[in-house]
Amino acid sequence: MSEILMNRMDWTNYEQRVRGDGAVVFLPCGATEQHGPHLPLGTDHILAHEVAAGVARRVGGIVAPALSYGYKSQVKCGGGQHFCGTTSLDAATLIGNVRDTIREFARHGARAVVLCNGHYENTWFLIEGIELAMRELGPSPSLRVMRLEYWDFMTGSTLGKVFPEGFPGFALEHAAVLETSMMLHYHPDLVRLDRIPGDGPAHFPEYETFPPYTHLVPPSGVLSSARAATREKGDWLVEEVTDRISAAVRKEFG
Ligand code: ZN
Ligand code: MN
């Protein structure tokens, strides 16, 4: 199988793939953020990378090195900034990273870029980075951008199988069943099943306060328990997400 990872290609090979073959360039976007005592700090960028790589293999794309630091972890969806190891960017820094990276892909001759996001807090800053890049590229840009959160491609029927007792919602799924099951699929060696905490689900008010109420966050950093995570659930989720994102990329970029 031919190489799909940009950082393992030499530049002439990359140029041939991007300019000659019109390969879609995938930019995984994640975070370096605590994910409980059972998952690695890199979970968000590792999953964004693996999903992008799975799709790139199907559609003949290239995966660029991930943006591995993300916007600040928020209490109600990522546990917050008070955990050791969580390493976050100001919005302006992240926006600049996205804008500059897309501008460089355009200079390379890329015609299609897909931002695959694995960290919820990044969402609007990725959009702003894309917006600024597109404004720089002018009214008829040579490049089109697609942006997505991989979990949006999970259907209700699959979530119903994964959560027979009811889906708690994506916000509380930080370091919980979805991410843990997907990590069991891609990198079982990085999951410590014996260290999954029984914490949660966390209960938050409808609003936020600053400084945040860190006492509302379980001390483990997990917002709902990952104890129901299994490799088989990871297989279902990864298969569906890979299938459906591949279909979307083919639809947009043929
Ligand atoms: Zn995560
Ligand atoms: Mn996150």
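The legends below describe close-up views of a predicted model.

Residues are numbered from 1 along each chain as its sequence is written, while chains are lettered from A and ligands numbered from 1 in the order in which they are written. In this predicted model, local features need pLDDT of at least 70, side-chain atom pairs count only at pLDDT 80 or more, and totals for chains, interfaces and linings use all residues; side-chain values use heavy atoms, with hydrogens and water left out.

**View 1. The manganese ion (ligand 2) and its protein donors.** Donors are N, O and S atoms within 2.8 Å of the metal (3.2 Å for Na, K and Ca); water is not among the atoms, so sites may look incomplete. Along the chain the donors follow the spacing E-x10-D-x74-H. Aspartate 44 forms a bridge between the manganese ion (ligand 2) and the zinc ion (ligand 1), and these ions lie 3.4 Å apart. Because glutamate 33 lies in the loop between E1 and helix H2 (43–59), and histidine 119 in the loop between strand E5 (112–117) and helix H5 (123–137), the pair ties together parts that are 86 residues apart in sequence. Helices (H or I, at least four residues) and strands (E, at least two) are DSSP runs, numbered from the N terminus. Glutamate 33 and histidine 119 are both buried, where buried means under 20% relative accessible area, exposed over 50%, and partly exposed in between (1.4 Å probe, protein chains only).

**View 2. The surroundings of threonine 86.** Threonine 86 is found in the loop between helix H3 (75–78) and strand E4 (88–89). With a relative accessible area of 11%, threonine 86 is buried. Its side chain reaches the backbone nitrogen of glutamine 34 at 2.9 Å. Apart from neighbours within four places in sequence, the residues in contact with threonine 86 include Thr32, Glu33, Leu41 and Ser73; contact means heavy atoms within 4.5 Å.

**View 3. The buried side of helix H1.** In H1 (residues 11–20), the residues Tyr14, Arg17 and Val18 are buried. They cover an arc of only 90° around the axis, which puts them on the same side of H1; the arc is that of the directions from the helix axis to the C-beta atoms. An α-helix has 3.6 residues a turn, so residues three or four places apart point the same way. Strand E1 (25–29), strand E2 (62–63) and helix H4 (91–108) are the elements against which the buried residues of H1 pack. Glycine 22, which follows H1, has a positive phi, near 65°.

**View 4. Aromatic pairs.** Rings of Phe, Tyr and Trp (its six-membered ring) pair if their centres lie within 6.5 Å; planes under 30 degrees apart count as stacked, over 60 as edge-to-face and the rest as tilted. This rule gives four aromatic pairs. One of them, tyrosine 150 with tryptophan 151, is edge-to-face, at 5.2 Å centre to centre and 75° between the planes. The ring centres of phenylalanine 163 and phenylalanine 167 are 5.0 Å apart and their planes stand at 45°, so this pair is tilted. Phenylalanine 163 is buried at 9% relative accessible area, whereas phenylalanine 167, at 31%, is partly exposed. Phe163, Phe167 and Phe170 belong to one aromatic cluster.

**View 5. Helix H7 and its cover.** Nine of the 10 residues of H7 (residues 177–186) are buried, so this helix is largely enclosed by the rest of the structure. The cover over these buried residues includes H2, helix H6 (156–162) and helix H8 (231–253).

Definitions and conventions. A polar contact is a pair of N or O atoms within 3.5 Å; within protein, one must be able to donate a hydrogen and the other to accept it, and residues adjacent in sequence count only if both atoms are side-chain atoms.
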